[in-house]
Amino acid sequence: MNALFRRAAGAPGGRRTKYLVLVAWLVLAVALGPLAGKLGEVEDTSANAFLPSGAESALVNTELEKFRTDTVMPAVVVYTGEGADAKAAADRAAFAEFAAEGEQIAPPIPSEDGKALMTVVPLSTEGDGITGTIDELRTTAAAGAPPGVDVAVGGPAGSLTDQVAVFDTLDSTLMLATGLVVAVLLLITYRSPVLWLFPLLAVGFAAVLTQVGTYLLARYADLPVNPQSSGILMVLVFGVGTDYALLLIARYREELHRHEDRHEAMQLALRRSGPAVLASAGTIAAGLVCLSLADLDSSRSIGLVGAVGVLCGLLAMLTVLPALLVIAGRWVFWPFVPAYGTPARKADTVWSRIGTAVARRPRWYWMMSLAVTGVLALSATGIGMGLQQSEMFQEKPESVVAQERISAHYPSGASDPAKIVTRAAAVPEVSAAAAKVHGVARVEDGERTVDGELATLSVVLKDIPDSQAAKDTVDELRTAVHRVDGADALVGGTTAQTLDTQRATDRDLTTVIPAVLAVVLLVLIWLLRALVAPLLLLATVVVSFFAALGASNLLFEHVFGFAGVDWSIPLLGFVFLVALGIDYNIFLMHRVREEAARLGHARGVLEGLTSTGGVITSAGVVLAATFAVFAGLPLVTMAQMGVLVGIGVLLDTFLVRTVLVPALALDLGRWFWWPGRLFSALSGPASADTPRTSPGRRRSVAR
């Protein structure tokens, strides 16, 4: 590994080759840059992009494509108040221009209580798509409404439009907010008017490469990409890329104090920090790739797309960033320019004081740390899982308002019925079986395919489409129609999709989590050449996850006022936090192992903590802040993801890496490295402080 990094470090840190590295990146950015803007062209915004592979509801969506050359999605316009009859009648004529070709708009449907009217407008998804049509439809519906008449446009088309509106501005909002947050934190970290620009430039190169790579893989290798995964992608690249930049720059600054030649200093910095950065990126990428085992297509997309981003960020930080820094010279650190031959840091720092305190009573400190995380984890025991459609937004969009009015005056499922696809010959039997199911309000005939083989039925449910009662009804409905011989009936629709997603998420927890733990453990064993240390490090990150989940749940309930936690959050949060949280343990323990071989175990732990304390803390704050940007987004799922990952990273930074891990290492002594070579090298009467200086020879180091 050292030989590999010695060769790799030669180019970005070389006297002449540094220019070749920079020119290569510039050519790459100019040549491939136009492709970066095409990522939106390969994003899958269909319902199946967020559903489990092979789920019954996904099969229904596929079957429905056989019924028309263009896909139809209904918009539902709800009128309430005195004078609504005239407004609804006038709008029906105006809505005709929006209806899909060959579709008729039925007269407004009055509610049983006589207080509302509902008009269903079948919209085509071809051409400009649903979202543009809904915007025009809403403008038409709102125009000329008499005083006292309220109009709201919802239904499946309205709901899709409101969700897409969130993602339309997601990339630009996240890029701007994340870039601003990272820039401010880098300014605070480096206190230099120049140095902060270099990590951002390198991250910019990484972002271009990431978008181009993702686009090409999606276009030619069927990489699944959706608006959610592409939004998270940029935050991940900024956060992880900046972390690696901070680690490399810190080691480079340290070597500049020891070496007069900046080229030599950079090459040494790459060789010594490179394995930790590579192990970190490999761990995160491998952990994210484990999401490819998930049934849920949206989770698979986040995992695979995220892995591409991490690897592109790694490549940029180990090549173009070193080249930029070496080309610029020492002055980039102004006004705190590292002078050759001066100490790399003060003898007494906050991290050295923390290490000294932990070393006095290590067992007490790790027990107290576990107590704190345990108390926070208890708050996760009462977590409420699942969000209804009306609870998915921090501010109510129009589609949610429309659904609430429908639920108040009609059977709650009237705006979004369940869909049955069946053999046309079996329609009477399937319809009769569906009508007998408790929770079904009525069954309506639908369309037939051109060849007359397949038919659809619309099943209006009595309950709100994404309520538990509606899900139970769909279960019973599936059981009933599956019993009809020869019908090959399938049940889909919004409620069925929600049910299938919930169950797939439960299955994914038992599949993906063990895989992530196994991958991370193997990387740690390879890096640290031990077994005890990797097991303990992995355990600390798992404990940190549950503590973060508990702390986040408190915020969700008492600060944000969320009704519950989305089903996808525990799985995605676990993968992100284990992969990202182990990052800081890797940075710390790689340095501790290096120092322990030189100074002995106890002094090595303290030296590792002291030397990495500042940079890891800065990296943790930057990464937490980038994910915290999600908290301001209107979609509750994204906000919850940002809060959970942000809290988890801060716990890993300030408690797990600073106190818990060093305390465990100090308490266990050389057994922390069992059964590796370092364990044997540290044997002897003063095992905690006995480094191996040469084969067969050891010397004692006074405490």
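Which helix holds the place of T637?

## T637 and the basis of the model

T637 has its place in helix α21, which covers residues 636-668; helices here are DSSP runs of H or I with at least four residues, strands are runs of E with at least two, and both are numbered from the N terminus. The residue T637 is buried, with a relative accessible area of 7%, where buried stands for under 20% relative accessible area, exposed for over 50% and partly exposed for what lies in between, with a 1.4 Å probe and protein chains only. Once its neighbours within four places in sequence are left aside, T637 is in contact with Q228, M392, D566, S568 and I569, contact being heavy atoms within 4.5 Å.

This is a predicted model, in which local features need pLDDT of at least 70 and side-chain atom pairs count only at pLDDT 80 or more, while totals for chains, interfaces and linings use all residues. Residues are numbered from 1 along each chain as its sequence is written, and side-chain values use heavy atoms, with hydrogens and water left out.

## A four-stranded sheet

Four strands form an open sheet in the order β6-β7-β5-β8, with antiparallel pairing; two strands pair if DSSP finds at least two bridges between them. At the edges stand β6 (440-448) and β8 (490-492), each with a single partner strand, so one side of each has no neighbour in the sheet. From one strand to the next the twist averages 25°, with axes taken as lines fitted to C-alpha atoms, for helices over the stretch in contact, and angles running from 0 to 180 degrees between N-to-C directions.

Strand β5 (residues 418-423) is joined to β8 by three bridges, and I420 stands opposite V491 in β8. Helix α3 (residues 56-64) packs on this sheet and touches β5, β7 (454-461) and β8, its direction making about 95° with that of β8.

## Strand β7 and its partners

Six bridges join β5 to β7, with V421 opposite T456 in β7, and six bridges also join β6 to β7, where V443 stands opposite V459. The strands β6 and β7 form a hairpin with five residues between them, and G452 in the turn has a positive phi of about 75°.

Eight of the eight residues of β7 are buried, so this strand is largely enclosed by the rest of the structure. In a regular strand the side chains alternate between the two faces of the sheet. Both faces of β7 are covered, with L454, T456, S458 and V460 buried on one side and A455, L457, V459 and L461 buried on the other.

## Helix α14

Helix α14 (residues 398-409) has twelve residues and reaches 17 Å from its first C-alpha to its last, close to the 16 Å expected at 1.5 Å a residue; the expected span is 1.5 Å times one less than the number of residues. Its buried residues are S399, V400, A402, Q403 and I406. Seen down the axis of α14, these residues fall within an arc of 155°, so they line one face of the helix, the arc being that of the directions from the helix axis to the C-beta atoms.

## Cysteines and A681

The count of disulfides comes to zero, a disulfide being a pair of cysteine sulfur atoms within 2.5 Å. For the sulfur of C290, the closest cysteine sulfur is in C312 at 19 Å, too far for a bond. Both residues are buried, C290 with a relative accessible area of 7% and C312 at 12% relative accessibility.

A681 lies in helix α22 (residues 677-681) and counts as buried at 6% relative accessibility. The C-alpha atoms of A681 and A596 are separated by 9.9 Å, although these residues are 85 residues apart along the chain.
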